[in-house]
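Please read them with the coordinates open.

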Amino acid sequence: MIKYLKKGPTQEEKVASNKKVQTIVEDIISNIENNGDEAVREYSEKFDKWTPKSFRLSKEEIADCYAQLDEQVISDIRWAQTQVRNFAQIQRDSMKDVEVETLPGVTLGHRHIPMESVGCYVPGGKYPLVASAHMSVVTAKVAGVKRVIACAPPFDGKPSAAIVVAMDMAGADEIYCFGGVQAVAAMAIGTQTIAPVDMIVGPGNAFVAEAKRQLFGRVGIDLFAGPTETLIIADDSVDGELCAADLLGQAEHGPTSPVVLLTNSETLAKETMKEVERQLKILSTGEVAGQAWRDFGEVIVCDTYEEMLSVANNLASEHVQVMTKNVGYFKDNMQNFGALFLGPETNVSYGDKCIGTNHTLPTKKAARYTGGLWVGKFIKTCTFQYITEEASVVVGNYCSRLCALEGFAGHKEQADIRLRRYEK
């Protein structure tokens, strides 16, 4: 039996479209398309109170950002990027070009071709999300993207030194200080001073997500992103204090971030709910985390692992943290998730910041059909074929008959002309 001790909004309520956001984003994109840099400057002043001489940072401005940081901070950024780069390289090495003779005289294959240019958006309004620079820029460079541009909004009225340093250390070819829809649109469409890119990646607020949605097709995007989601699957092998800390650690992302506890222990469920209220009183980001918990938090109690698995796969959460006696059961049987965090020793924060796996992951049940950002997102897998004259006759006979079946006379003639020339 599945029992809800605390229930959040319905899926329909979660995905209800925000027409106001949609209209605002449409207007901004249209203005930038028509007026380029002038429109970007207008929105930067309006939304960020930021109108520098140039949005692109110079070498001197980047160097100044390094000078603002302690060596320990720089060292920590370097360590995190090393972990992300190492795992991304392992993933890239797993992708092999192929070329194989599938029939006598018929050779088929594919090549993995990196994109030419990518724009990486790094959020920095509420929190300077330094880690997003690692996840996007480092991964794109490992994939082999030739031109990677990166941007983030100003933080406290100036470029965020930590974000800029992270972008530079990650290998960004161009670094810009602007944010919001205007940044995404400028990278995607291009302006008088910014050459457009082929793909936009990176998380952001509702306006940034909507901009990516509207621009998809004109450029590629990584994911249709929504608020951060976290599901904790736990049994009585852990305690409420740990579960509460892991729920609130992700709830602080924003007031609409769903956090869910799924357990087969009603005792743990009630203990966790009490612990959440206690920790909210001492957590410095408790106001935001508390709103997320009140409005989007859920506590679900099941009888068995099988029931928990069914609920978890239906939720298809972005982050799934498993803290049970048998974590292997969920590792082997979970189908719909962005990333798994197995055992109480690890947690979502490790993945968010530095362990090496990518933190840009599917939300809003998109985990049913896609994984998260990885080197493969920056690579096109393109096929090729070549065959001998003898093989062309074999394939051509089948193709000619199949084209006739479908009524494609022109397609049929492509096969027939080769049959006339090569058939002995």
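The points below go from the whole chain to single sites.

1. Basis. This is a predicted model, in which local features need pLDDT of at least 70 and side-chain atom pairs count only at pLDDT 80 or more, while totals for chains, interfaces and linings use all residues. Residues are numbered from 1 along each chain as its sequence is written, and side-chain values use heavy atoms, with hydrogens and water left out.

2. Overall. The protein has 17 helices and 14 strands; these are DSSP runs numbered from the N terminus, helices being H or I with at least four residues and strands E with at least two. Along the principal axes, the C-alpha atoms fill a box of roughly 85 × 60 × 45 Å. Of the 424 residues, 50% are buried (under 20% relative accessible area; exposed is over 50%, partly exposed in between; 1.4 Å probe, protein chains only). The accessible surface is about 20600 Å², and carbon and sulfur atoms account for 53% of that surface (Shrake-Rupley method, 1.4 Å probe; for residues, only the protein chains shown count as cover). Among contacts between residues at least 6 apart in sequence, 74% join residues at least 24 apart, a contact being heavy atoms within 4.5 Å.

3. Annotated sites. Under "binding site", the unreviewed UniProt entry lists Thr-228, Gln-250, His-253, His-319, Asp-352, Glu-406 and His-411. These positions span 184 residues in sequence and their farthest two C-alpha atoms are 55.4 Å apart, so they do not all gather at one spot. The positions are given in the numbering used here, feature names are shortened, and annotations may be inferred rather than shown by experiment.

4. Gln-250 and Asp-352. Gln-250 lies in helix H10 (residues 240–251) and counts as buried because its relative accessibility is 4%. Beyond its neighbours within four places in sequence, Gln-250 is in contact with residues including Thr-228, His-319 and Asp-352. Asp-352, in helix H15 (residues 348–353), is buried at 6% relative accessible area. With residues up to four places away not counted, Asp-352 touches Ala-131, Met-135, Gln-250, His-253, His-319 and His-359.

5. Aromatic pairs. The count comes to seven, with rings of Phe, Tyr and Trp (its six-membered ring) paired if their centres lie within 6.5 Å; planes under 30 degrees apart are stacked, over 60 edge-to-face and the rest tilted. Tyr-305 and Phe-330 form a tilted pair, 5.2 Å centre to centre with 50° between the planes. Tyr-305 lies in helix H13 (residues 305–315) and Phe-330 in helix H14 (residues 327–333), so the pair ties together parts 25 residues apart in sequence. Tyr-305 and Phe-330 are both buried. Ring pairs also link Phe-55, Tyr-176 and Phe-178 into a cluster.

6. Nonpolar patch. Which residues make the nonpolar surface patch of about 690 Å²? They are Leu-103, Ile-387, Val-394, Val-395, Tyr-398, Leu-402 and Leu-405. Such a patch joins nonpolar side chains (Val, Leu, Ile, Met, Phe, Trp, Tyr) within 5 Å, from residues with over 30% relative accessible area and no salt bridge (a side-chain nitrogen of Lys or Arg within 4 Å of a carboxyl oxygen of Asp or Glu). Helix H16 (residues 389–406) gives the largest share, five residues. Ile-387 belongs to strand S14 (residues 379–387) and is partly exposed at 36% relative accessible area.

7. Thr-272. This residue of helix H11 (residues 266–280) is buried, with a relative accessible area of 0%. Leaving aside neighbours within four places in sequence, Thr-272 contacts Gly-240, Cys-243, Ala-244, Leu-247 and Leu-261.

Terms used:
Patches are made of residues with over 30% relative accessible area and no salt bridge: like charges are joined within 9 Å, nonpolar side chains (Val, Leu, Ile, Met, Phe, Trp, Tyr) within 5 Å.
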